[in-house]
Structure formats: structure tokens, C-alpha cells
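Student: Could we go through this structure together, one question at a time? I would like to see how each answer is reached.

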Amino acid sequence: MNGAESLIGSLVSSGVDVCFTNPGTSEMHFVAALDKVPEMKAVLVLFEGVATGAADGYARMADKPAATLLHLGPGLANGLANLHNAKKAHSPVVNIIGDHATYHQPFETPLASDVKAIAAPVSHWVRSSPNGAAVGHDTVEAVNAAMSNGGQIASLILPADTAWTSASGIGTFRLAQAPALPPDDAINTAAKMLKSGKKTAILMGGKANRAEGKEAASRIAEKSDCLVFADTFNARMENGAGRHHIARMPYFAEQIVASLEGVEQIILAGSQTPVSFFAYPDLPNYLVPEGCSVHVLASPNEDGVGALEVLADAIDAPPSIVEISELKLPELKSGDANALAVWAAIANFMPENAIIVDEAATSGAPSEAILATAPAHDLLQLTGGSIGMGLPVSLGAAMACPDRKIVCAHGDGGAMYTAQALWSQAREDCDVVNIIFNNRKYQILEIEIMRVGAAEVGPQALDMFDLSRPEIDWIKLSESMGVQALRAQSAEEINRAVEQCMQSKGPHLIEVII
């Protein structure tokens with residue numbers, strides 16, 4: 001057994017049996033070892049940013065890590081943007097990063113780089129395995145690190161000679177400790193705050209937004225008359241009919257200020273104090289109301305669901321008083337193609353228990369109200385703000401949940417960052433409906449350039465947001481990578497296309513001309 005075989009065997013024995021990869025020369029022994037350990041499912045992607053985004057999507061739905069196999073420092077660098085999103089989502093990911101053989105590293109070869117330094121900003125744990133004998137132990141340590149503290153990024157560097165030298169066997173995995181409840185003092189303090197009569201808001205993030213956490217928060221709100229908000233962007237929310245609806249915090253700073261007007265106390269359950277996404281002239285960036293106290297009920301690495309359930313019991317909130325969302329489908333639209341028509345069609349035609357990946361950007365505005373009473377589903381959002389996650393996250397979610405329909409709602413600009421994910425969706429026959437909102441512009445940037453106070457915005461500036469010269473043909477692009485595609489230019493065409501694709505298996509793409 002060599003180091004690469006030990007590494008893959010140790011991953012599988014630790015419960016990590018999917019690897020998203022775009023390998024190179026330094027990783028060839030890992031690739032060869034795939035035939036020795038057939039329990040590992042390797043998924044080929046055409047760009048490292050797809051690999052890291054897919055690992056994020058897999059982790060969000062499987063609640064366990066996938067691995068990535070990346071080619072040296074430059075391959076890791078190509079994947080950093082979606083590792084940033086995964087880190088913000090608290091997704092457990094194990095990166096295996098090839099490196100030059102240890103005795104080759106002193107030479108200034110073209111691909112030589114400081115892999116540890118590149119990995120550090122997006123990793124909680126980084127180690128270079130020094131030899132084949134150590135790689136099994138290092139692998140299970142990486143998995144354990146990824147599964148600790150509510151989900152982390154672990155990066156294990158595998159020098160080429162570590163991969164091909166003899167190994168001592170498979171590492172012994174020790175199960176990572178499950179997130180613990182916060183201390184009693186944190187729960188007791190929150191209970192006193194809710195009983196104080198002061199206007200209170202609870203902000204929820206992370207796993208607190210699963211169905212059980214939302215139920216407990218709804219009980220608390222009904223009993224104490226507090227406000228409850230989910231984060232603006234969430235790794236995974238369990239939404240729709242039969243579940244409790246928690247409104248998301250709005251995006252713009254002035255909207256958040258209005259939402260929290262008069263709030264005297266904020267309780268954080270897996271979230272953080274509210275701040276604006278960007279700084280703007282003449283607008284606040286720290287959005288806690290003046291004089292408002294902030295209390296951490298549960299940090300992201302603690303059991304937020306359990307904390308909310310204990311808190312509900314502590315204030316004697318009975319479960320019987322809480323109402324859940326009932327199924328209510330919106331009316332299908334007619335006339336011009338627009339975002340509202342798309343979301344109405346999604347709600348009407350998606351099956352129960354679908355997974356919606358939302359990177360629709362400005363076209364996502366109508367989604368929250370419509371999806372609140374749609375069939376039960378999971379919602380995965382852009383947690384780190386680094387666009388281009390939607391198509392890869394959909395690939396990963398499909399690999400984690402092959403029996404569930406995936407719906408990816410994506411802006412055209414962001415989708416071009418990682419369009420290569422379509423090829424992997426086709427290769428793996430993923431059941432994904434990709435919906436591209438094609439307005440042929442970075443519309444959010446047209447909004448932002450005005451908000452930041454840039455003076456005299458003229459045609460050259462606006463041209464930097466224009467994607468119409470030349471127009472991107474998503475039908476040709478999609479079909480060239482093996483994904484069946486349709487174009488919709490009216491609400492009626494949207495309805496027909498969404499219904500057809502929802503009723504069919506395999507990957508599809510609908511280009512909606514907005």
C-alpha cells in the first residue's frame with residue numbers, strides 16, 4: 001500500500017466517499033489508487049472552482065464532508081472563491097492538494113508555490129503530510145477537523161513522493177464531537193431578556209434555520225412577542241408548507257435599520273451582529289440600534305437548534321400555539337417574461353422535497369414570499385458573496401441527494417464564472433433544472449454604483465456592467481456540454497418550460513430572457 005492508497009482508504013473509512021477533482025501530474029498516484037479503493041466516488045470537473053463549490057453543496061445536504069483533489073497551489077487558488085463561500089457556510093470540506101515531491105520543492109519550478117500560505121485564508125486546519133507512513137493518520141485528522149466546530153475547511157497537502165512511498169495502513173477515525181449546547185448561563189440570560197418586556201429580536205443562522213430550530217423560534221416569538229429573523233444568506237433553510245416561516249433579514253443597510261427600529265435587545269442563535277454587506281457614504285455599517293444590547297445564545301459552533309428548544313421550554317412556550325405554513329401555490333403568470341413569473345412557475349411545478357439553490361441575485365427578490373407557502377424544500381444560498389457558486393453547489397447537492405430534484409436559479413453573469421459545472425452535471429446525469437435569468441447585464445452593479453455615491457456615472461462606466469456585446473447564447477453553451485436546454489421569452493413559455501423540465505429526469509437548462 002502506498003500513501004495515496006492509504007489516503008483514499010482512510011477517507012472512506014472516515015465516511016468521506018465522494019471526491020470532486022481536476023487532477024494534474026502531482027496527483028496521478030491518487031488517481032491510480034481510485035481503482036484500488038472503488039468505494040470512493042470520484043467526480044471529474046473542468047475547473048477547480050467547480051470542485052470546491054460542489055464540495056460545499058454536498059456538505060450542506062449530506063451533513064458530512066466531501067473531498068476535493070486539487071493540483072498544486074494554482075489549482076487550489078482557482079478554487080478559493082467557492083472555498084470562501086463554504087467557509088462562511090460552515091460546510092465541512094476536506095481538500096487534498098497535491099504538491100511537488102519533497103526533494104523537488106527547493107527548485108524554482110514553474111508550478112512551485114507556497115501551498116500552505118494559499119490554503120491558510122480559507123482553511124481552519126492545514127497540514128503537509130511528510131511521508132507515506134504518516135498520511136493515514138493525517139487524513140483522519142483532516143476529516144476530524146472538517147467535522148469539528150460546526151463544520152470547517154481542512155486542507156491536507158500531499159507531496160508526490162508521499163503519495164508513492166510505502167504507507168503503514170489505514171488511519172483510525174475518531175468521531176468528531178457533536179456541537180454542544182451553550183452554557184446554562186447563556187440560555188438563562190436569554191430567557192430573562194425575553195421576559196423583561198423590552199422589544200427583542202432573535203437573529204438566526206447556521207443549523208438553527210433547520211425545521212426544528214424554526215419551530216422552536218416560532219414558539220418563542222408567539223410566547224414573548226419578540227421579532228425573529230434568519231440571516232440574509234443561509235447555508236441551508238428548511239422552508240415551505242408544513243414548516244414554520246422565518247423572515248430573512250433584508251439586504252440593504254437602510255432596510256435592516258428599519259426592520260430593527262426600536263429593538264432594545266438582540267439575541268444571536270448561530271448568527272452575528274447585523275452589519276451592512278458593504279460600507280456606503282452616509283449610511284451606517286454597524287446596524288445594531290443605538291443603546292441595544294446583544295447577547296449570544298449560541299455561537300455557530302454550538303447547538304443552535306437545541307439552544308432554541310431549551311430556551312422555548314425555559315419561557316414556558318407551549319408547542320400547541322404555533323401555526324405552520326400551509327400549501328398555497330401562486331397564480332401562474334402571463335405576458336412578459338420576468339422574475340416573478342419564474343418563481344411562480346417553480347412553486348407550482350417543483351416536487352415536494354426539492355432542493356433550491358438560489359444565486360438569482362436581483363432576480364431573486366420575489367422568491368421569499370412565493371416559496372414560503374410552496375411545497376416543502378431546502379433552500380441553499382450564497383453565503384460568502386463570491387458569485388459563481390450556484391451551478392457547482394447544485395452539482396454537489398445532486399450527488400448528495402440523487403433522489404431529489406435540484407432547482408438552480410442563477411443570474412447570467414454569476415453563472416458564467418463556473419459554467420463548466422454543466423458538463424459535470426451531464427456526465428453524472430444529475431437531476432438538476434438550471435434556470436438562467438438572462439438580463440444581459442450585471443444589474444446589481446448598476447444599483448451599487450449609484451448607492452456608493454460615484455459621481456457622474458456615464459456610458460463607459462455602465463458599459464462595464466453590460467453583457468450584451470456579444471450576447472451569450474446559453475442554449476448553445478448548455479447543449480455543447482450535454483445539458484438539454486430551452487429558451488423562454490414570455491411567461492407562458494416559462495410555465496411550459498418549467499413544467500416540462502420538472503417532470504423530466506436528468507440535467508436541464510432554461511434560459512429566461514428578462
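Student: Which side chain meets Lys405 in a salt bridge?

Tutor: This is a predicted model, and the distances in it are computed from its atoms. A salt bridge needs a side-chain nitrogen of Lys or Arg within 4 Å of a carboxyl oxygen of Asp or Glu. For Lys405 the N to O distance is 2.8 Å, and the partner is Asp431.

Student: How many residues apart in sequence are the parts that this pair ties together?

Tutor: Asp431 lies in the loop between helix H17 (421-427) and strand E15 (432-438), while Lys405 lies in the loop between helix H15 (390-400) and strand E14 (406-411). Because the two residues sit in these separate loops, the pair ties together parts of the chain whose distance in sequence is 26 residues.

Student: Is Lys405 buried or exposed?

Tutor: Buried means under 20% relative accessible area, and exposed means over 50%. Lys405 has a relative accessible area of 6%, so Lys405 is buried.

Student: Which helix holds Arg219, the residue that meets Asp313 in a salt bridge?

Tutor: The side chains of Asp313 and Arg219 meet with an N to O distance of 3.0 Å. Asp313 lies in helix H12 (residues 304-314), so the pair ties together parts that are 94 residues apart in sequence, and the helix that holds Arg219 is H10 (residues 211-224).

Student: In the salt bridge between Arg487 and Glu511, which residue is buried?

Tutor: The two side chains meet at 2.7 Å, N to O, and they link strand E16 (residues 484-488) with strand E17 (residues 508-513). Arg487, with a relative accessible area of 36%, is partly exposed.

Student: How many disulfides does the model have?

Tutor: A disulfide needs two cysteine sulfur atoms within 2.5 Å of each other. For Cys401, the nearest cysteine sulfur is that of Cys430, 11 Å away, and for Cys430 the nearest is that of Cys401. By this rule the number of disulfides is 0.

Student: Which residues touch the most other members of the largest nonpolar core?

Tutor: Nonpolar side chains tend to be buried together in soluble globular proteins. The largest nonpolar core here has 56 residues, and its largest share, 7 residues, comes from helix H13 (residues 339-349). The members that touch the most others are Trp343 and Ile435.

Student: How many residues make up the other core, which lies apart from it?

Tutor: Among the members of this other core are Met61, Ala86, Val357 and Leu380.

Student: Which residues make the nonpolar surface patch of about 250 Å²?

Tutor: A residue in such a patch needs over 30% relative accessible area. Val275, in the loop between strand E10 (265-269) and strand E11 (293-298), has 37% and is partly exposed. The residues that make the patch are Val275, Tyr286 and Val294.

Student: Where is Thr232 found?

Tutor: With a relative accessible area of 18%, Thr232 is buried. Leaving aside its neighbours within four places in sequence, Thr232 is in contact with Arg248, Met249, Pro250, Tyr251 and Gln381. Its place in the chain is the loop between strand E8 (227-230) and strand E9 (237-239).

Notes
Residues are numbered from 1 along each chain as its sequence is written. This is a predicted model: local features need pLDDT of at least 70, side-chain atom pairs count only at pLDDT 80 or more; totals for chains, interfaces and linings use all residues. Side-chain values use heavy atoms; hydrogens and water are left out. A nonpolar core is a set of buried Ala, Val, Leu, Ile, Met, Phe, Trp, Tyr and Cys residues joined through side-chain atoms within 4.5 Å. Buried means under 20% relative accessible area, exposed over 50%, partly exposed in between (1.4 Å probe, protein chains only). Helices (H or I, at least four residues) and strands (E, at least two) are DSSP runs, numbered from the N terminus. Patches are made of residues with over 30% relative accessible area and no salt bridge: like charges are joined within 9 Å, nonpolar side chains (Val, Leu, Ile, Met, Phe, Trp, Tyr) within 5 Å. Accessible areas come from the Shrake-Rupley method with a 1.4 Å probe; for residues, only the protein chains shown count as cover. Contact means heavy atoms within 4.5 Å.
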